[in-house]
Amino acid sequence: MRTKIFTLGVILLFTLSFGNNVVLYASGTNHNNAVTNQQQTVSINSNEDLIVAGYDNITVLYGDGTGGFPQQNDYPKGDGQADVIAEDFNDDDYIDVAVTSYWDDVVTVCINDGFGGFSDSVNYSTGLGVTAIDSGDLNEDGFLDIITCNSEDTASITILFGDDSGGFGDRVDFFNEWVLTDIVVADFDNDTHMDVAVTQYPLQRVFVLFGDGSGSFPNYDTYNVGINPYQITWGDVNNDGSTDIIITNYDQYDVGSIKVLLNDGAGEFTSQFEYIAGLGTLGIVIDNFDDDGFLDVAVTNFIDGTLMIFINDGSGGFEILQEIFIGIMPYGLSSVDLNRDSVKDLAIAISDEDTICILLGTGAGTFISNSYQSVGATPYAIAAANVNPNTGTPMLTIDIHDKKVTISNTGDADAEQVTGQINITGGILRLIDKQEPFSSDVLSVNQELVVPLPSVFGLGSLKIDIWVEASNSKRVQKSAEGFIVFIWMVLRS
């Protein structure tokens, strides 16, 4: 169909990617913003989110409760290999984040702003070559403390003692051992005081340090555990009421393994059991994957790019249930219910592909691939937590239609301090260069911010670029192309 339009004004034609539709728009003259529709009731957000620590940044991915992550924000950190924990450091009921940076020898503590954002951060120095992090109330003053292990320092463990504001003012360094690769906090000897276990890579040992409740660790035991212990975790794998230790043994030239150290109830680990895994066994997480009441194990194999699932036989023994390829150089992983089906899922850092892999649990102990999400450079570690439980996540979208730009909030939280701009450029000799800013204090859930397109005058092709962002939502952008003519125009539909 051919349509002729005669007008005394200037007419804009935009060709948009809406299937085969070609839509005619006329330039508007009223630049006042309008908000339409009514605010809807917002339910409390119970979706789990992911915090990914990469080489030089932190990526927070906000879950939608189906295993998807429609929005993410990035925050800077120091350089180097990283570990991450998610805890409420300042006791405000919002989850905060702490990450390590190997080359800069710091822990970056990011305080939650109440909307799931982490722009407020402070760096705290550690020993040289910080490799891993955990937390606990080590001196029993009611505040969480941070503890790290360091691989290039004779003072190879650092404690940052927490205060009532979420800060970490006092630092203690101790323990004269080299190349510690991972650290965990738990009560291993059942005396109610927090203890610490660390892996030592080159000398093939695990140290268990016993806390006295004052933040000191006067005694420790040493266990030889085989080739290159790398990561460590803990849990009661044989359901005897005591906390056991599970580690990965990394070998880049031969198959690695997991090793289980069973606790005798008094903090001694006299029984060890080894289970062969893949090439370069590295990351580890334990959880009940098949809903039988016993803790199972998932590990990444860094060299051959696979994930292995070890199912508990009910007595603390394990056998391989599943092995799947997930990507090049998988590193750390986390277990969490991402799609709210009461079954544990897995999120895995794929360090060489700058992505994370999402695997959804079946409930029988196996996992199926769901998606890959792009994150910052070289992701190493993942923590799972609900970082915005009371606020949800705003989600801004842009639409161009009928002489107007429509900004919609399709998320589950209000967008605050919304700002944006319409840029129109082009025409003969690129004489058209128009910028039109717009803003709104709040854009509520399911509301729209309608902004008329600004008037321009000229002849030739045009480009329209629009961006919008909020204080609690990342920037989104959209572009369109068209042309401007005088008097008349022929549309082909």
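Buried means under 20% relative accessible area, exposed means over 50%, and partly exposed is in between, with a 1.4 Å probe and protein chains only.

Hello everyone, and a quick word on the model. This is a predicted model, so local features need pLDDT of at least 70 and side-chain atom pairs count only at pLDDT 80 or more, while totals for chains, interfaces and linings use all residues. Residues are numbered from 1 along each chain as its sequence is written, and side-chain values use heavy atoms, with hydrogens and water left out.

Let's start with the cores. The largest nonpolar core has 36 residues, and Leu50, Ile51, Val84, Ile356 and Ile358 have the most contacts inside it. Two or more residues each come from β4 (49–53), β5 (57–62), β7 (84–87), β8 (96–101), β27, β28, β29 (355–361) and β31 (381–385). Strands here are DSSP runs of E, at least two residues long, numbered from the N terminus. Apart from that core lies another, of 23 residues, including Ile432, Val451, Ala470 and Ala480. As a general point, nonpolar side chains in soluble globular proteins tend to be buried together.

What does Leu50 touch? Leaving out residues up to four places away in sequence, its partners include Val60, Phe69, Val336, Ala347, Ile356, Ile358 and Ile382. Contact here means heavy atoms within 4.5 Å.

Some of those strands belong to a sheet, so to speak of pairing: two strands pair if DSSP finds at least two bridges between them. The sheet is open, with four strands in the order β27-β28-β29-β30 and antiparallel pairing. At its edges are β27 (330–336) and β30 (367–374), each pairing on one side only. Between β27 and β28 (residues 345–350) there are five bridges, in the antiparallel sense, and Val336 has Asp345 in β28 as its bridge partner.

Now please find β20 (residues 244–249). How many of its residues are buried? Six of its six are. In a regular strand the side chains alternate between the two faces of the sheet. In β20, Asp244, Ile246 and Thr248 lie on one side, with Ile245, Ile247 and Asn249 on the other, and all are buried.

This strand has partners too. β19 (residues 229–235) pairs with β20 in the antiparallel sense over five bridges, and Trp234 has Ile245 as its bridge partner. β21 (residues 255–262) is also joined to β20 by five bridges and runs antiparallel to it, with Leu261 opposite Ile245. β20 and β21 form a hairpin with five residues between them.

Finally, salt bridges. The rule asks for a side-chain nitrogen of Lys or Arg within 4 Å of a carboxyl oxygen of Asp or Glu, and the count comes to five. One of them joins Asp287 to Lys344, with the closest N and O atoms 3.9 Å apart. This pair links distant parts of the chain: Asp287 is in β23 (residues 281–287) and Lys344 in the loop between β27 and β28, 57 residues apart. Asp287 counts as buried because its relative accessibility is 16%, whereas Lys344, at 29%, is partly exposed.

Arg171 and Asp173 form another, with 2.8 Å between the closest N and O atoms. Arg171 is partly exposed at 36%, and Asp173 is partly exposed at 32%.

Conventions:
A nonpolar core is a set of buried Ala, Val, Leu, Ile, Met, Phe, Trp, Tyr and Cys residues joined through side-chain atoms within 4.5 Å.
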